[in-house]
Structure formats: C-alpha cells, structure tokens
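Good morning, colleagues. Please look at the display as I begin.

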Amino acid sequence: MMQNLLTILVVTAAAGHCVAYNIQNSKPLLRDHHRRSPTPSKSTTNHDEATSLSSTTTRTDFLRNMFAASAALPILASSPRPSNAAPPFAIMAEELGYFPVKDEKSGETVMVPAKAKRESTDQAVELAKYLQSTKAVMYGAFWCPHCQRQKELFGKEAWKYITYVECSPKGYKSQYATCLSNGIDGYPSWKFGNGKSQGGEMELNDIAQTSGFSKKFTFDGSLEEGQVPSLGGGGCK
C-alpha cells in the first residue's frame, strides 16, 4: 500500500545530513555524509556547535514536515478508482436538483429531475388524480427551480399522477417539439382539462380552483401552507 511504499527524503544541507524516514518503521535513519576524525581539534569546536544548533532546527523542521506528510497520507492512500469518483459536474447537478444519466437508446447524456421528497397530503393525492383524469398537463424543464418546487408542493405520492412534459432538449424524455407547438415559453406552465392555462408555479389551492377541482371536492389550502419554502413565486424563462 501507499503507506508501506512511501519514503520521504528530507535533505538538510546546513547540518550535512540526509534523513531518510520510512513510514512503515516510523524511525528516522541518519546517514552522515561527512567523515570526521575521531578526535576533533579545537579549531573545529565552533563549527560543531553551529552544526549542532543547525541540526536542532533541522529536526524541528523535519517533525513539522512529517506531520504535514502524515496528514496527507489518507488522501494519497485512498486512491479511489476513476469509475467510483463522481465528476464535479455531477456533484453540482445533484445540488441543483437533477442528475446526468446516459440514455440507453441514443447513448447521449441527459438530465433527470430529482424526485419529490416530502410526503403528500391525502387531498394533494386526490387533486393529482383529478388532474390526471381531466388530462391536465404541466410543462417544465429539469433545470428550473420553480418546477422542482411545484413538484414538492404535490409531494412524492401525488406527483406520480401528474402528467409532466419535459421541454428542455437536454432533459430526459424531452418533448421539445411538443412544447414549441403548444407555445410554451416559460416554466412551469399548466394546461388544464377545462381549457384554462396558467404560467408560473401555483399553490395547490390555486390549482384546485383553476382546474375546477374545488367545485366538486373540498380542498383546505391551510393544510398545504408552509410545507415547502417559497421561491418568491414566478417561473423560469
């Protein structure tokens, strides 16, 4: 492994020593590159004292360098396989609420919007089923945060019943031509079964009223308030 193979060499010119430090043994090995006489003369005393001071400084620097090197070892030793390392783009995409995947048919990389996370209320599920039965459609784009919030307003159980059309050419199962033919120029855009349409994200209570659901069923908007943080309304262009 990296820790058994890695050897750090620190050359200390001032002291005239080459210090070899092996991570496996954790023992510094000193090799003296200067041959000295067994009994140094007085003329070399001052030189030896300076060398001793320099060696002390060198040992301090050595320990400091070893601490920094040991901190880096987990990173060097981990050696993640390229296939398991997520590219920065994928990480950024995940934070934004969509994921890159490879289309099996075309071989191209397309974007899949993240799934809704919150639990749906019973009335949200009933509203979604009504929208499905009346052939209501929501047009959106994978990169649009307002579309993602609209999905969260319904919740994961209710969203299963919503007919969603992806308008971005890079989105998964894109129906770009359909969006153009229907005059969609912003996201999300709703077209309801009663002929009404609305652009921008909508609270579920507004969808219930606009779609005609409230005329047949009871919908309590207060049960949905404050469930999903607001983005300030509006939509994406």
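Is the disulfide of Cys 144 and Cys 236 right-handed or left-handed? The torsion about its S-S bond is about 85°, so this disulfide is right-handed. Cys 144 sits in the loop between strand S6 (137–140) and helix H5 (145–154), while Cys 236 belongs to the segment after helix H9 (213–216), so the bond ties together parts that lie 92 residues apart in sequence. The S to S distance is 2.4 Å, and both Cys 144 and Cys 236 are buried. Please bear in mind that this is a predicted model.

I turn to the other pair. Cys 167 is joined to Cys 179 with an S to S distance of 2.0 Å. Here the torsion is -85°, and the link is left-handed. Cys 167 lies in the loop between strand S7 (163–166) and helix H7 (176–181), and Cys 179 lies in helix H7 itself, 12 residues away. Cys 167 and Cys 179 are both buried.

With the bonded cysteines numbered in sequence order, the pairing reads 1-4, 2-3. Cys 147, by contrast, takes part in no disulfide; the nearest cysteine sulfur, that of Cys 144, is 3.3 Å away. The cut-off for a disulfide is 2.5 Å between sulfur atoms. Cys 147 is also buried, at a relative accessible area of 4%.

Finally, the wider setting. The chain contains nine helices and nine strands, and 37% of its 237 residues are buried. Among contacts with a separation of 6 or more, 62% come from residues 24 or more positions apart.

Definitions and conventions
Residues are numbered from 1 along each chain as its sequence is written. This is a predicted model: local features need pLDDT of at least 70, side-chain atom pairs count only at pLDDT 80 or more; totals for chains, interfaces and linings use all residues. Side-chain values use heavy atoms; hydrogens and water are left out. Helices (H or I, at least four residues) and strands (E, at least two) are DSSP runs, numbered from the N terminus. Buried means under 20% relative accessible area, exposed over 50%, partly exposed in between (1.4 Å probe, protein chains only). Contact means heavy atoms within 4.5 Å.
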